[in-house]
Amino acid sequence: MARFILRRILQAAFVLLVMSFVIYSLIGLMPGDPIDIMIASNPGATPELAAALRKIYGLDQPLLSRYGHWLWAAVQGDFGYSRLHSAPVLAVLAPALWQTCKLMLISFTAAVLLAFALGIVAALRPGGPVDALISLFAFAGISVPVFWLALMMILVFAVDLHWFPASGIATVGDGSIRDYARHMVMPVITLALAQTGGFTRFVRASMIESLRSDHVRTARAKGAGEGRVVLVHAFRTALIPVVTVMALNFGSLFGGALLTETMFAQPGMGKMIYDSILGNDYNLALTGLLFATLVTLLSNLLADIAYGWLDPRITLA
Amino acid sequence: MSAAVLPRTDAALSVWRLRWRRFRRHRTGMAALAVLALLGIFALAAYPMQWFGGFDPDATDLLARFDPPSAAHWLGTDEAGRDELVRLMVGGQISLLVGLLATVFGGTLGLLIGIPAGYFGGRVDAVLMRFTDGMMSLPLLPLLIVLGAVDLTKLGFSPEFARSGAAGFWRIVVIIAIVDWTSIARIVRAATLAVKERDYVRAARASGAGAADVMLSHVLANVATPIIVSFTLTVGRVILFESVLSFLGFGVVPPTPSWGNMLNNAQELVTTAPALAVYPGLLIFFTVIAANFLGDGLQHAFDPRSER
Amino acid sequence: MTAPLLEVTDLGVSFPHAGGRHRVVAGISYALAPGRTLGVVGESGCGKSVTALALVGLVPAPGHVEGSIRFDGRELVGQSHAAWRALRGADIAMVFQEPMTALNPVMTIGRQIAESLVLHRDGMGWREGEREAVGLLEAVGINAPRDRARAYPHQLSGGMRQRAVIAMALACGPRLLVADEPTTALDVTIQAQILDLLQDLQDRTGMAIQFISHNLAVVSAIAHDIIVMYAGRIVERAPVEALFAHPLHPYTQGLIATLPDPDHRVARLPVIPGSVPDLDTGGGCRFADRCPRADAACRIAEPALVEMAPGHLVACFKAGA
Amino acid sequence: MRVWAAMAVAAMVVFAAPAYAAPREQLVIGVSQFPSTLHPAVNPEAIKSYTMGFGLRPISAFDSDWKNTCLQCTELPSLANGLARMEGHGMAVTVKLRSGLLWGDGVPVTAGDLAFMWKLGHDPESGFADLSYWLRVDSIEVIDDLTAVMHLNQPWTQFDHLPGMLPEHLEAKAAAAGKQPGDYAKQSLYARAPTTPGLYNGPYRITQYDSGTQVVLEPNPYWHGTAPGFRRIVIRAIENTAALQANLQSGDVDFAPGDAPSLTLDQVLALRRQHPDAWTYLFKPALSYEHIDLNLDNPILADIRVRRALLLALDRRTLADRLFEGMQPVAASFVTPLDPMHDNAVPVQPYDPVRARALLAEAGWRPGPDGICRNARGERLSLEFGTTAGNRVRELAQLVMKDQWRAVGVEALVKNDPARTFFGETVKRRQFSAMAMYAWSTGISYPPRQVLASDQIPTASNNWGGSNYMGFRDAGMDAAILTAETDLDPGHQRAAWAAMQRIYAEQLPALPLFFRADAYVLPKWLKGVRPTGHSDYSSLWAEDWHAE
Amino acid sequence: MSAAAELVALDRISVQFDLGGGGFLGGRRRVLRAAQDVSFSIAEGETLGLVGESGSGKSTLGNVVAGLQPPSAGTLRFRGRAMDAATWREARRSIQIVFQDPFGALDPRMPVSDIIAEPLRIRCIGSTAGRRARAAELVEQVGLPRDALNRYPHEFSGGQRQRIAIARALAPAPALIVADEPLSALDVSIQSQILNLMKDLQEAHGLAFLFITHDLAVVNHLVDRVAVLYLGRLVELAPRAELFARPSHPYTQALLASVPRIGVRRHRRPAISGEMPSPLAPPPGCVFHPRCPKAQDACRHDVPALAPAPGRPAQLAACHFKD
């Protein structure tokens, strides 16, 4: 087990390394260049000054060597300085990452629980009216753009009903958990609804498959009640593929987080990456993307471990 | 492939006829197909509207901003006095085309990676699939934004091309395609792995069939099933992507209409002119939901176990 | 002969199909006494598995069961779900064909066996159940039962798995064991072991066994009475000796003749021409199309099961001819 | 299912609460951008100037009546009062600070702080965005704690517009710590610890800074002037303007200012139509000048007749009336009528499509079969027309103008780019082949060298410096700009400004469109906000804001 | 049978599968030994039965003969020549394979005519029309109506599909057909039909068969010689009659005794206890010793060689104590 985890971590590190190069190159393809921005409104700037600055910042070097320098610094924990936030990248990123992870984890949990409930109910009578209703709900969830859902939530629950605050993560001067939770409700629901549809479909498909399987029939032949058959025998085996798919999807919450954070004006990683790309903040964009990749890789690793834990047929070695 | 001369077309119908019969019994799938067909007709109706009806999707009319539906403008006008209906039709062409093209390109990429990975296995598989995993682990939307922000001139395209409308359109198609092929590659790989172990493939190999022969004559035809299902879902997802990209400022650039940018554009007007948001919103919603139900129906039709 | 434990009368199972109903089996009648083994033989699709599922109330969803199943004098058809549950696994147990898939892959063997006990025995806890499971595993001839009880199905060999399935079925001391092709997935040497085991267990507990197989030879090795099914109908029913000594139905005769004999080589095996028909072929004897003796009459009416000799019933107009 | 529904309802009940009654001691301002850094001299941004206006005061500023006034000084320097005088090739300007000024930590504001600012501003490696002001100042002589003399290296007509200051006692350490160019900007407390009280000398100081989300301001106890009217001001950034509007409607945001990036004019107009009585709406005509730069290197546009025809073909009045409900005045040139240097002799060109067609014909452009003009060589009169993608109002105007040009036989091909590409590449490197629409915003009566002088045409050799994207070269204009910059004689200045406006209107290097209007949405209870319409934002007088 | 020319010969063939593991951080390396040191040959026109239980490696050896699985060690000869690329080219045409599952053996997307003609198409034999004619001829030979040609596999029953699969194997006029459990997925009443068909075809074309099965009863009706495999090892190789009359290896004896016989009430106590060990960890010495009633110390250490049974030179068995 430890060996497996170690190997997977090494693999993930390698993927991260390769991806860091890919992202580094892509970032270099964004418009403008850092020196331009530095001397943007300096009328006295000459091409010589620009060239000198390029040399100081190593921008005259070939891509690979620049990447090498960046990597060496990054390995030592120096991810550079954020142009937009005027602070070291890590100092800016860490709280945003934490905030986003909280949002993602809560929404993910909510989405998973809801999907379990709906998927199981739908799988009990495939093709029946309840299944049709749940399918419709699931597909509807898949079919609404997240930003639009967010706007509708604000209009209904903040503007019309005044139930929840429309933006921010806390009321200034009110540090209570309740206040904090109230600010999280709408982003969490929005992000969770966007995921629930797909998850519900997975759970439903897997449950139908599982309910058809021989061992479920065996359980019935033993005289187990329907609840036990469904929840203990069918669900446990249905869970195995579902958990993997869900965990693999965890990373995709970043995209949703980006949108909900923008709409609900919450400081988070997704929004930060977006802003940094728009604002030519190369260091922040690069590191942010890498962190997001890292979170995805870690969730994949957890998925593998969960897989091995759920399925005794798999030995992690 | 000289055997292709054999008259197989008439007979080839039979597998598909069987599936069609099964699909026809899938009520929501049929409804979804009908909805998608209607949406396609709706989008294409822009041409007769423009040629014969004299409707111009770009003609502005400052005196007719936010007009309610009338004989001249069946769905009313938008904030620049343009005919909403024709814009929705033209926008539909763009959105559906983006959806289809990105899916086809992404699907082709997925096929090119998934089939060899599944068929050859071993090291080829390991390399291709680690690559796929790596791509999958990249956060999709931020990556799309980076790709959307890429300066084409730095890739050697001329500034004229980089700034042209065509570049804007193809950029979206290409970036969605190169980001969204991974799931298809995995599906194709899994299907190929299954087909590869089928006895008919082994029989062909025993007769001396080479890898290319087997992949073309057996694997490709038999992985079609999961691919078609996955295609329908992808088309829906891509259309959603386009609207999200529009929201983030990287979608189809106005004034070329797409449902995505029309919806995004209508955001600020949502309280004053909600209809402008409702139309493209509903069209996107129906397209995506129909694509999903269609995929569901096809899955049912292609699954031999659903025969009863 | 003792009073029958199981009495099946005119049992039929149908599924909705293209507007109408599709009768998968019909007119099944037989009786089974404690301590006896009834072999049910037939080719794929003849309805033998559905008949077995009807006995435990597990005919899949849209299926409809008619006729009568009396178990120990109690009518089972139409009884409540709760009554079925109380019966299943307790008085009537079932063993399925694929020991790999019939076991829950993510539950230990011991726990799966204990589950039957916990479900049916009042006051039985999991801990106690699992302890008892070890004993049951030992009873079905598994070595190191304590370790095996802690193992997952995939960690056991095919034969051991089938023993575990049998242990599970026997946990609550059923009076009727329905075994649906229990040895088909196994190798011949293991098949022999399992057949032995079933016979031993029957000797010890006096349970009745309904043994279903497509293999006449296997059935003949274990059964006291045999039912031959074809296309959803019983075509012949007889004590095992009588059946092989004087098979009356042309299908039974064909089956016996076409089976290759390991001990005698013949230049050419006799064959039954044609293949098993699709169900619901209309009126007439269902075997008529493949029957060497069939004439016009056979294609008009369906022959009833008639007793030609004591305990020997056949559904053929030409039987004895 | 039912259980889930019940749980959802229960959760709603627990978390939901009616919007708390606003204590009115707090003002939440909704803006659509967030300041990237708070250092006043690095990365100039409207949102930062607006935010810092609450906390850090320049020595002088233009007020809402466009009059230069002292904020931190006792009187403005002028040649008349002797505080400004000619000196060799340049000038000497004496700055007299008001006494009793304190930084937010109680340390007095002194002339040394001004000298410190100069020291940094004069150093090209400090990372200051705009060195042009400080490069004019050769030295600063500190006379006493409250007096300093700035020695300018040439006469400068804007000498009485006095700069801001930095707290030397806090920032000197940061300035010394820098090793590489630009390090100061990273070391500055404004970047590293923006809640340090001593960084502010205005009525409010920043007490909480949540990067990307909000800035919280609270009264500065060491403020000497009018007591601030709020216990707390929150500036909340909500980038999505639709969400921002929803926040305003839900009460999460109280106030949408017009001088900081916030709701669009379009939104405010729509809001006013829908809820005319819910808020107070203010529209302040502003300096911002919307126009279309013409690339004069384009052979078609090199012909003045074509340029004039393009302008005459535009019905700017109707456009303004319909799209902006008449809030945005049509421009005759780049100088707003509100500017003291505006010259009435330059009229607004009327809408005259007939003359436009005649001019085009004169220039050799005759309508082809599709209605688009062609010249003798058969080339179509087709011009690329770009602006910032995503700016709804501009895109809307662009579409209308495109149609209006079409009516006179000019084909405009819309090619828009996102703002950063548009400003970073398209216009900056003069990649637009014909027309680019955007806005300028300079100071009041500020000489337009940057945008109109021939030495400010961006080229590769000057590292794409300057903002004369049109490639406009006119000796008369160059001379007038120099006069406006350096000739302190008011008569000469006025003449130079008149000349600039005349030349501009005649030569049309750019098509003048509108002067923007800042649109404010204020809660009924908010009083004392005086929009300025220029780049000295209303927040500089925030101590007068109060609830009623 | 030694009179006929040798068609295919296996000489000390071993096949092992690397199940991963090993290498950097890979953990224990796992190797599955599917076949060990197997040697036998098939003469022209001969039918060899390859018998064994699941996991004995019989299908693996079938794949080796059909060229689907390269051996890890040992040599394969075709008509006296060791296999190389050129030999394989000829052999591919002369050796065809028929599989167990008639449902998976036919590409559901091809009409029957294409399926049957496929081996010819792959080897580029004949014209399109010629291949079609050949397919039509073969369809009739295997007892299907001509109109089957334009139909699709799903329209046929299991027995009919197996006939199509046999027709495909016959298409290039092979010398040997590897039949991998061709009957076990069929209904009992169909098995004998296919069995007879194979016999007829063999007589008509002088085909050789490598008939892989677990069913000894079937073997007795078709084959000339029998090879018995146990855990990847050849334990007995003998002419049919001899083997059925007097099995030499204890495993063969047990196997034969375990076959259920019609109408014979079973004698209790099975002939053999226990189960075949995992091919991942075969026992040392004689692989059969853990289950062998005769096992002695020698069996636990020494691998018995395949040698003639006492007095029966044609009957080879790998046992220290063969009868």
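Me: How much area do domain 1 of chain D and domain 2 of chain D bury between them?
Reply: Buried area here is the accessible area (1.4 Å probe) that two parts lose on being put together, summed over both. For this pair, 59% of that area is on carbon and sulfur atoms. The total buried between domain 1 and domain 2 of chain D is about 2,600 Å².

Me: And at what pLDDT do side-chain atom pairs count?
Reply: Housekeeping first: residues are numbered from 1 along each chain as its sequence is written, chains are lettered from A and ligands numbered from 1 in the order in which they are written, and side-chain values use heavy atoms, with hydrogens and water left out. This is a predicted model, where totals for chains, interfaces and linings use all residues, local features need pLDDT of at least 70, and side-chain atom pairs count only at pLDDT 80 or more.

Me: How far apart are the centres of domain 1 of chain D and domain 2 of chain D?
Reply: The bounds come from an automatic or database domain assignment. Domain 1 of chain D is pieced together from 21–56, 172–285 and 519–547, while domain 2 covers 60–171. Their contact (heavy atoms within 4.5 Å) takes 38 residues from domain 1 of chain D and 32 residues from domain 2. Taken over C-alpha atoms, the separation of the centres is 25 Å.

Me: What is the strand order of the open sheet in chain E?
Reply: Strands (E, at least two residues) and helices (H or I, at least four) are DSSP runs numbered from the N terminus, and two strands pair if DSSP finds at least two bridges between them. This sheet has eight strands with mixed pairing, in the order β6-β7-β8-β3-β9-β10-β12-β11.

Me: Which strands of chain E stand at the edges?
Reply: Each edge strand has a single partner, so one side of it is left without a neighbour in the sheet. In chain E that applies to β6 (95–98) and β11 (307–309).

Me: What angle does helix α5 of chain E make with β6(E)?
Reply: β6(E) runs parallel to β7 (residues 176–180) of chain E, joined by four bridges, and Gln96(E) stands opposite Ile177(E). Helix α5 (residues 158–170) of chain E packs on the sheet, touching both β6 and β7. Axes are lines fitted to C-alpha atoms, for helices over the stretch in contact, and angles run from 0 to 180 degrees between N-to-C directions. The angle between α5 and β6(E) is about 170 degrees.

Me: In chain C, how many bridges pair β9 with β10?
Reply: Chain C has an open sheet of eight strands with mixed pairing. Within it, β9 (residues 225–230) and β10 (residues 233–239) of chain C are antiparallel, with Tyr230(C) opposite Arg233(C). The number of bridges in that pairing is six.

Me: At what angle does helix α11 of chain C run to β9(C)?
Reply: Helix α8 (residues 188–205) of chain C lies across β3, β7 and β8, at about 160 degrees to β8(C). Helix α11 (residues 250–258) of chain C lies across β3, β9 and β10 instead, and its angle to β9(C) is about 105 degrees.

Me: Which chains share the most contacts?
Reply: Chain C and chain D have no contact, their closest C-alpha atoms lying 23 Å apart. Chain D and chain E have none either, with 42 Å between closest C-alpha atoms. Of the eight pairs in contact, the most contacts are shared by chains C and E.
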